[in-house]
Amino acid sequence: MTAQQPAPPPTSPARTAIDWPVSLATPRLTLRPVAEPDVPDVVRLWTDPEVRRHLGGPVAEDVVRARRSHCVGARGVFSVVRTADGAVLGLAVAAPDTRDGRTEVSYQFLPEHWGKGYAREAVAAVVDWAGSGVRSSASGVVAVTQAANRRSRRLLEGLGATVADTFVEWGEPQVLYVFGAGVDASVTATLRVPGADGLPGMVLRPWRDDDAAALIDVYRDPLMRRWTRMPVSDRADAARWLEVRHRGWERGDYLSFAVVEQGEGALSGLVANVVVKGPRAATGVGEVGYWTAARARGRGVASRALDTLTDWAFGTFGGGGLHWLHLLHQVDNAASWRVAEKTGYELKAVLPVRPPFPAPGHLHVRRRVTLGGAEKSATSNVISRPLPAR
């Protein structure tokens, strides 16, 4: 939640500088103009003490009454709606010509939806749209939050915003963030793997809450329970598993993709999971991981998905210092060993037993190289930096 209030009424002259109405879509959300049925949830945002903790406290009743009369359809004010069930999660606002003439983005979410990556997903979409859909007198997009609002600051920094100024407003220290040329592509990334050799194409996308049933089904496989550390048996387990993935996207340090085949019948639906961990680590070293559903094994699903993920990770985070990707598996996991070799991750070391792993492990490495200005990845015979602790 940022420190700014929802944008002014649509009578403000600056509001004419917004292309409106607009609807935006992300993997889990729909952002659209505020509708009449949304008003009770909007009022909650203005009056909930938790939401308003870093926004000056709950809004007075007379101000709420005044705001109700103009919030529906207000330019630049998006209701953030969960696409799966239509629930209103919060508001996101793009307001032109604020501060020094730049466009300002602000947001508020209901407490029950915090910590699931929804705010990150929504703000990323609004910032990306604001670059062309909002015409301010000065170029650029900014956001302001209280210095004490650690959650909001992590979100903004995770999207690539940088601190440009600090000041006191409304009696509290504030931080002004500026977004660069664009929002980090990892925020709402959807990767596509073309079909090959008679196999269907695949889509890699962030996990969604409606993946729970498919996730439970995948984890009925005994091999999944053997090789993974967070088994899923029921809806509660699935919710916890998905929550970890949502938080990883919110923090930007654990980017997990559901791999979905685009065929028909047996060759369709959820077939794998791939993840890149710590892509922004100061060491320049990240880590990848994966698993494949039982029905999809032996068809190159993991290697095709991992190869796509690797190229994307280096292309997206290489400019920020990501130079190496590590892949680890137990020595007795022959299938993972084959995937690592097939995708160019070279075996570098045999690791001793370390809890929670009950057997020694293999460390495979792939490094980023730059050829003619294009990001590439390759193996190398030399590791030029110490291995990070797990």
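Author: Start with a term: a residue is buried under 20% relative accessible area, exposed over 50%, and partly exposed in between (1.4 Å probe, protein chains only). Ala281 is partly exposed, because its relative accessible area is 29%.

This is a predicted model, with local features needing pLDDT of at least 70, side-chain atom pairs pLDDT 80 or more, and totals for chains, interfaces and linings using all residues. Residues count from 1 along each chain as its sequence is written, and side-chain values use heavy atoms, without hydrogens or water.

Ala281 sits in the loop between strand E12 (268-277) and strand E13 (285-292). Helices (H or I, at least four residues) and strands (E, at least two) are DSSP runs, numbered from the N terminus. Follow the chain on to Gly320. It is 39 residues from Ala281, yet their C-alpha atoms are separated by 9.3 Å.

Now to helix H8, residues 301-317. H8 has 17 residues and spans 24 Å from first C-alpha to last, close to the 24 Å expected (1.5 Å times one less than the number of residues). H8 is largely enclosed by the rest of the structure, because 13 of its 17 residues are buried.

Step back to the whole. The protein has nine helices and 17 strands. Of its 390 residues, 53% count as buried. Contact means heavy atoms within 4.5 Å. Among contacts with a separation of 6 or more, 65% join residues 24 or more positions apart.

Next, a helix pair. The axes of H1 (residues 39-47) and H2 (residues 61-71) come within 11 Å and cross at roughly 140 degrees. From H1, the contact uses Val39, Val43, Trp46 and Thr47. From H2, it uses Val64, Arg67, Arg68 and Cys71. These residues divide into five nonpolar, one polar and two charged (nonpolar: Ala, Val, Leu, Ile, Met, Phe, Trp, Tyr, Cys, Pro; charged: Asp, Glu, Lys, Arg; polar: the others, Gly among them).

Most residues other than glycine have a negative phi, and most peptide bonds are trans. Asp97, not a glycine, has a positive phi of about 55 degrees. Asp97 lies in strand E4 (residues 88-98) and is partly exposed at 35% relative accessible area. Trp20 and Pro21 are joined by a cis peptide bond, with omega about 0 degrees. Pro21 lies in the segment before strand E1 (24-25).

Key. Axes fitted to C-alpha atoms, helices over the stretch in contact; angles between N-to-C directions.
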